[in-house]
Amino acid sequence: MAKKKRNDDLDTTTSFADMNVDGFRWYDPHMKRNGGRKREKNKVTRKEYWAMVKGAFLAVGPYILGAIAIFGLMILLAYLWLS
């Protein structure tokens with residue numbers, strides 16, 4: 001008895017990673033991920049740019065302040081221990 005071929009609608013066209021990698025022979029730095037269309041320049045206004053900068057500082061700020069506080073605490077402990 002011959003095996004029947006299954007048609008389970010296997011998707012072989014969807015890619016989960018960008019295959020446009022530097023070093024491959026098909027590498028094109030101007031290609032966009034979706035559909036191989038040319039990359040469009042995103043125009044960012046001055047207001048949007050400064051909003052992004054402010055958001056970056058607000059996201060990283062607590063970590064930087066925490067590192068400075070820990071560094072200051074270590075210096076204080078070293079001063080008290082060595083005096």
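This briefing covers the fold, the surface and the aromatic contacts of one protein model. The model is predicted: local features need pLDDT of at least 70, side-chain atom pairs count only at pLDDT 80 or more, and totals for chains, interfaces and linings use all residues. Residues are numbered from 1 along each chain as its sequence is written, and side-chain values use heavy atoms, with hydrogens and water left out.

**Secondary structure**
- Helix α1 spans residues 46–82 and contains L77.

**Burial and surface**
- Of the 83 residues in the protein, 2% are buried (buried is under 20% relative accessible area, exposed over 50%, partly exposed in between, with a 1.4 Å probe and protein chains only).
- The protein exposes about 9000 Å², and carbon and sulfur atoms supply 63% of that area (Shrake-Rupley method, 1.4 Å probe).
- A nonpolar surface patch consists of I70, L73, M74, L76, L77, Y79 and L80, which together have about 730 Å² of accessible area.
- Such a patch takes residues with over 30% relative accessible area and no salt bridge, joining nonpolar side chains (Val, Leu, Ile, Met, Phe, Trp, Tyr) within 5 Å and like charges within 9 Å; a salt bridge is a side-chain nitrogen of Lys or Arg within 4 Å of a carboxyl oxygen of Asp or Glu.
- L77 is partly exposed, at 45% relative accessible area.

**Aromatic pair**
- The protein has one aromatic pair, counted for rings of Phe, Tyr and Trp (its six-membered ring) with centres within 6.5 Å; planes under 30 degrees apart are stacked, over 60 edge-to-face and the rest tilted.
- The ring centres of Y49 and W50 are 5.1 Å apart and the planes stand at 80 degrees, so this pair is edge-to-face.
- Y49 is partly exposed at 43% relative accessible area, and W50 is partly exposed at 49%.

How values were computed. Helix = DSSP H or I, 4+ residues; strand = E, 2+ residues; numbered from the N terminus.
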